Amino acid sequence: MKSPYVTELQPNQMVTAVFLVQSKDIRQKKTGEPYLSLVLSDRTGELDAKMWDNAAEVLDTFERDDYVRVKGLMQIYHNRPQFTVHKMQRVEPGEVDGSDYYPASQRDSEEMFRELQGIIASIGNPHLRRLLEIIFADPFTAKAFRTAPAAKGIHHAFLGGLLEHVLSVCQLCRATAPQYRLVDLDLLLTGAVLHDIGKITELSYDRSFSYTAEGQLLGHILIGLRLVQDTIRLVPGFPPKLQTLLEHLIVSHHGELAYGSPKVPLFPEALLLHHLDNLDSKMENMRATIERDRHVDGVWTSYSPALERSILKKNKFLDDAPVSNPIAAASVIAAPIPVAAVEPGLSRSAPPPQERRPLMGGIFGDKLQAALKK
């Protein structure tokens, strides 16, 4: 097993380990000599790295998506870990276990796929159920759907992320649909299962996550729409108007034209699907941003471009929160009320009448209290 992982590295530690090169940038020092700015990674996270000296000797020996064995020093720079590389050597893919380098869902993919099949079996509309059965009976689609990430980097950016995201959105559909009687749960669930299915070929995830040529040219909405349209031809008697509604769920799920939707949601199931999809992606983005934040000190993460904000690390904030006057605070919170001071019919938590503070001061306050006593 690989050791150490990114999350195991400690400041001022000399390290020799193998990582995947996520990015490679050749820059110049003030002297004109080249140095390397790298992002190295494994399945636990990413690491900013710099090779200041002897970079010219290794520039042409490796590329992005290669494995490299590095030796260097872990340090803290501007409140973030930074790895200074002293030596570097390319490693052949056959020498490593790929599962050590690609982030993956913590859930078992086969277990998740069985859950998906249960959702499909629960759909009452025979046309929608049959459509889903045919789509996921295809070996390529079934395998890709269990493996693909949900995005390149914004949310659920790990192997199995697409399936995990779809199951989460389906759970939200089941939780919210009963609140709105006009919502067709069968249609909503089918849209939830299929809204991102184009990502199985939009994204490439052999090593680092990137876009395929088809993904760059068409995008997952059009790819998914084409897949659904082709498969509907195999379902005898599929209602044309139901097909139109399902197609609209797919093309409108981003919610806004500015966010890549060809159409905005125009009926209840489409609007609900958009918001549930957006909710799940945003919450996962928050989780990942907090979990992967590399700031050593402080309770705020780095700025998240996707969320357009920094995120409060709540647990660290609560653990580190100072009490300005702990003795006074304790006396206010814990001061008991004498038993003798409690009159019949009054709660023990309420102060006795003679200790009650006026609602407010001033002429208006006096008049208000006088009126309340009448």
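A residue is classed as buried if its relative accessible area is under 20%, as exposed if it is over 50%, and as partly exposed in between (1.4 Å probe, protein chains only). The structure is a predicted model, in which local features need pLDDT of at least 70, side-chain atom pairs count only at pLDDT 80 or more, and totals for chains, interfaces and linings use all residues. Residues are numbered from 1 along each chain as its sequence is written, and side-chain values use heavy atoms, with hydrogens and water left out.

Cys173 counts as buried because its relative accessibility is 0%, and Cys170, at 1%, is likewise buried. With a disulfide taken as a pair of cysteine sulfur atoms within 2.5 Å, the structure holds 0 disulfides. For Cys170, the nearest cysteine sulfur is that of Cys173, 5.8 Å away.

Aromatic pairs were assigned to rings of Phe, Tyr and Trp (its six-membered ring) with centres within 6.5 Å, planes under 30 degrees apart being stacked, over 60 edge-to-face and the rest tilted. The structure holds 4 such pairs. The ring centres of Tyr67 and Tyr101 are 5.0 Å apart and the planes stand at 65°, so this pair is edge-to-face. Tyr67 belongs to strand E4 (residues 67-77), whereas Tyr101 lies in the loop between strand E5 (80-91) and helix H1 (109-122), 34 residues apart; helices (H or I, at least four residues) and strands (E, at least two) are DSSP runs numbered from the N terminus. Both tyrosines, Tyr67 and Tyr101, are buried.

Phe113 and Phe136 are also edge-to-face, because their ring centres are 6.3 Å apart and their planes are at 65°. This pair ties together parts 23 residues apart in sequence, since Phe113 lies in helix H1 and Phe136 in helix H2 (residues 126-137). Phe113 and Phe136 are both buried, and together with Phe145 they form one aromatic cluster.

A charge is said to sit over a ring if NZ of Lys or CZ of Arg is within 6 Å of the ring centre and within 35 degrees of the ring normal. Arg146 meets this criterion over the face of Phe113, at 4.9 Å from the ring centre. The charged end of Lys24 is placed over the ring of Phe62, 4.5 Å from its centre.
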